[in-house]
Amino acid sequence: MFGRRSQTPQNKKVDTIIGKDTKANGRLEVRGSIRIDGCFDGDIETDGDVAVGDTARLKASIHAANVTIAGEVEGDIYASGRLEIASTG
């Protein structure tokens, strides 16, 4: 009943996924939610949520409704709603 919460972000619906073996850079403009488990360098802008997995490494500016971080993020985060940082974040 009172268990420990998972350190990996759990979003109900994810529209875009960047896998853990992926390295990308540039500007991402996403409609909906995105989950990142790999490496990304650049800007992320979405009208939905951003979930950063515990294997993710980002150097990015993030603009989103809600942001959940379990990995490493270096940069500015702009969340119009909720910002959640796990103990691994």
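Is R57 buried, partly exposed or exposed? Select R57 to begin: its relative accessibility is 38%, so R57 counts as partly exposed. (Buried means under 20% relative accessible area, exposed over 50%, and partly exposed in between, using a 1.4 Å probe and protein chains only.)

Before moving on, note that this is a predicted model, where local features need pLDDT of at least 70, side-chain atom pairs count only at pLDDT 80 or more, and totals for chains, interfaces and linings use all residues. Residues are numbered from 1 along each chain as its sequence is written, and side-chain values use heavy atoms, with hydrogens and water left out.

**Stop 1: salt bridges**

(A salt bridge is a side-chain nitrogen of Lys or Arg within 4 Å of a carboxyl oxygen of Asp or Glu.) R57 lies in strand β6 and E72 in strand β8, residues 72-74, so the pair ties together parts that are 15 residues apart in sequence. (Strands are DSSP runs of E, at least two residues, numbered from the N terminus.) E72 is partly exposed, at 44%.

Now select K13 and D15. Their closest N and O atoms are 3.4 Å apart, in another salt bridge. K13 is exposed at 58%. D15 is partly exposed at 39%.

Next, pick E84 and R82. Their side chains meet in a salt bridge of 3.6 Å, N to O. R82 is exposed, at 53%, while E84 is partly exposed, at 23%.

Then show R27, E29 and E45 together. Salt bridges link them in a network. How many salt bridges does a search of the whole structure find? The search finds six.

**Stop 2: the open sheet**

Switch to a cartoon view. Find the open sheet of five strands, in the order β1-β3-β5-β7-β10, with parallel pairing. (Two strands pair if DSSP finds at least two bridges between them.) Which strands stand at the edges? They are β1 (16-18) and β10 (83-85); each has a single partner strand, so one side of each is left without a neighbour in the sheet. From one strand to the next, the twist averages 10°. (Axes are lines fitted to C-alpha atoms, and angles run from 0 to 180 degrees between N-to-C directions.)

Zoom in on β5 and β7. They run parallel and are joined by four bridges. Here D49 stands opposite N66 in β7.

**Stop 3: the nonpolar core**

Select I34, I36, I44, V50, L58 and I62. Of the 15 residues in the largest nonpolar core, these touch the most other members. (A nonpolar core is a set of buried Ala, Val, Leu, Ile, Met, Phe, Trp, Tyr and Cys residues joined through side-chain atoms within 4.5 Å.) Elements giving two or more residues to this core include β3 (34-36) and β4 (39-46). The largest share, four residues, comes from β6.

Focus on I36. Beyond four places away in sequence, I36 touches I18, I44, A51, V52, G53, A56 and L58. (Contact means heavy atoms within 4.5 Å.)

**Stop 4: D37**

Finish at D37, in the loop between β3 and β4. D37 counts as buried, at 13% relative accessibility.

Methods
Two strands pair if DSSP finds at least two bridges between them.
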